[in-house]
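Good morning, colleagues. Please turn to the sequence and the structure on the screen, and I shall take you through them.

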Amino acid sequence: MKYKSYYLFCLLLVILDQLTKQIVVSLFTLGESMVINSYLSWTYIQNSGAAFSILSGGGAIQKAFLLAVSLFVSLMVMVWIHKTPAIHRQRLFGQFILLSGALGNLLDRAQYGYVVDFIDVHYQNYYWPVFNVADSLIFIGVILLVFERKQTSFWKFLLKKSCRR
């Protein structure tokens, strides 16, 4: 199998995401919150919408639509992965971390019809939307992909400059 070690890493991250969600579901009631420190709380919510609860509160058609979009995006990332040459390790790492997050939330949508969120970051009266490990993985994967592109452009720029001399 192409990229076997990356897929095993992806599986490990999905298991970590699902395990953290199961711990929260088993220990908290819906809406319950536990303060960790002045910046962080664990707050169990069910997000039936997309990112930041956009489109939440919809019916079965909306849930099916979000599930289909999640599945489509996951499949497209997998196609993208298999078109990426093995030499682009940072890109592959970012793609697989992104895929791990997408699959973690896809499993929630398929199983429950919503995504389990619980990480609640705040400062004084400013609150970031509650999120989960899968959301963090998606964010990290995107950052790695964006940085990889800028890094590649930067090195190409330097090579062109040095070749002109």
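Let me begin with a question: is Y127 buried or exposed? The model before you is predicted, and in it Y127 counts as exposed, because its relative accessibility is 55%. Y127 has its place in strand 4. Apart from neighbours within four places in sequence, Y127 is in contact with D120, V121 and H122.

I turn now to the overall arrangement. The chain contains four helices and four strands, and from the N terminus on its elements follow the pattern α-β-β-α-α-β-β-α. Of the 165 residues, 36% are buried. Among contacts with a separation of 6 or more, 64% are made by residues 24 or more positions apart.

The four strands form an open sheet in the order 1-2-3-4, and their pairing is antiparallel. Strand 1 (33-37) and strand 4 (126-127) are the edge strands, each pairing on one side only. Strand 2, residues 40-47, and strand 3, residues 115-123, run antiparallel and are joined by six bridges. One of the residues involved is L40, whose bridge partner in strand 3 is V121.

Which helix packs on the sheet and touches strand 2 and strand 3? Helix 1, residues 4-27, does so, and its direction makes about 85 degrees with that of strand 3. Helix 3 also lies across strand 2 and strand 3, running at about 125 degrees to strand 3.

S74 is found in helix 2, which spans residues 60-83, and S74 counts as buried because its relative accessibility is 2%. The side chain of S74 reaches the backbone oxygen of S70 at 3.0 Å. Beyond its neighbours within four places in sequence, S74 is in contact with L99, A102, L103 and L106.

N105 belongs to helix 3, residues 89-112. With a relative accessible area of 10%, N105 is buried as well. Its side chain is joined to that of D135 by a polar contact of 2.8 Å. Not counting residues up to four places away in sequence, N105 touches D17, K21, V115, N132, A134, D135 and I138.

Finally, the aromatic residues. A search of the whole structure finds eight aromatic pairs. The rings of Y39 and Y123 are stacked, because their centres are 5.9 Å apart and their planes stand at 5 degrees. Y39 lies in the loop between strand 1 and strand 2, and Y123 in strand 3, so this pair ties together parts that are 84 residues apart in sequence. Y39 is partly exposed at 46% relative accessibility, and Y123 is partly exposed at 44%.

Y112 and Y114 also form a stacked pair, with ring centres 5.4 Å apart and planes at 20 degrees. Y112 is partly exposed at 26% relative accessibility, whereas Y114, at 18%, counts as buried. Y3, Y6, Y7 and F96 form one aromatic cluster.

That concludes the presentation, and I thank you for your attention.

Note on methods:
Residues numbered from 1 in each chain as written. Predicted model: local features only at pLDDT ≥ 70, side-chain atom pairs only at ≥ 80, totals over all residues. Heavy atoms only, no water. Helix = DSSP H or I, 4+ residues; strand = E, 2+ residues; numbered from the N terminus. Buried < 20%, exposed > 50% of the residue type's maximum accessible area, 1.4 Å probe, protein only. Polar contact = N/O pair within 3.5 Å; in protein donor to acceptor, adjacent residues only side chain to side chain. Contact = heavy atoms within 4.5 Å. Pairing = 2+ DSSP bridges. Axes fitted to C-alpha atoms, helices over the stretch in contact; angles between N-to-C directions. Phe/Tyr/Trp six-rings, centres within 6.5 Å; stacked < 30°, edge-to-face > 60°.
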